[in-house]
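Please look over the sequence and the model below before reading on.

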Amino acid sequence: MSGPRGEVGTGLLAVLEESRPALVRLFSKRGVPLADAEDILQETMVVMVERWERIKEPERYLFGTVRRLISLLIRRRQRARCVRLEGAELGAAGVVGSPARAVESREDARRLLARLPRRAGRIVEMRYGQELTIWEIGAALGLAPSGVRKIAGRQLERLRRAAKVTGSSE
């Protein structure tokens with residue numbers, strides 16, 4: 001490979017090769033399955049190629065990015081597990097048992113979301129409905145993660161207040 005991209009590729013591959021044993025230990029220690037580890041490394045490499053010129057310590061950047069993505073993966077799994085557990089507990093209590101109630105709840109949520117400004121509603125839906133991370137939403141909408149976090153938090157609180165006022169049903 002020649003040119004700047006070739007140098008980036010060569011440098012990145014060298015960092016990855018040197019870091020391979022430590023990366024394997026990290027993924028193993030955190031219980032990350034092979035398929036997820038591959039996805040995390042691919043995402044990390046894309047980020048590093050895009051920012052290569054600004055990265056002063058490639059190995060440190062590599063491990064920091066990998067650790068952050070592992071943490072996001074673990075949080076996403078925990079959130080999904082909590083939702084499943086809450087659903088099971090509500091079902092056992094007879095709260096969610098009926099399909100008609102589930103449809104009614106979705107309709108209530110849609111009506112409340114429709115009250116939000118378009119962009120804010122989209123962010124809330126992406127964050128809590130699709131369970132995307134603030135980084136994924138920020139990348140999709142061209143916003144900083146901190147902005148996504150603020151908007152999602154404020155709008156979620158706004159939805160909670162509206163649900164209390166309406167009794168969660170209009």
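Predicted model: local features only at pLDDT ≥ 70, side-chain atom pairs only at ≥ 80, totals over all residues.

Residues are numbered from 1 along each chain as its sequence is written, and side-chain values use heavy atoms, with hydrogens and water left out.

The chain has seven helices and zero strands; helices (H or I, at least four residues) and strands (E, at least two) are DSSP runs, numbered from the N terminus. Of its 170 residues, 28% are buried, where buried means under 20% relative accessible area with a 1.4 Å probe, counting protein chains only.

In soluble globular proteins, nonpolar side chains tend to be buried together. A nonpolar core here is a set of buried Ala, Val, Leu, Ile, Met, Phe, Trp, Tyr and Cys residues joined through side-chain atoms within 4.5 Å. The largest has 20 residues, of which Phe27, Ile40, Leu62 and Val66 touch the most other members. Helix H1 (3–29), H2 and helix H3 (58–92) each give two or more residues to this core. A second, separate core has eight residues, including Ala120, Ile134, Ile137 and Ala152.

Leaving aside neighbours within four places in sequence, Val66 is in contact (heavy atoms within 4.5 Å) with Leu23, Leu26, Phe27, Ile40, Leu41 and Thr44. Thr44 lies in helix H2 (residues 34–51) and counts as buried because its relative accessibility is 0%. Not counting residues up to four places away in sequence, Thr44 touches Leu62, Thr65, Val66 and Leu69.

Technical notes:
Buried < 20%, exposed > 50% of the residue type's maximum accessible area, 1.4 Å probe, protein only.
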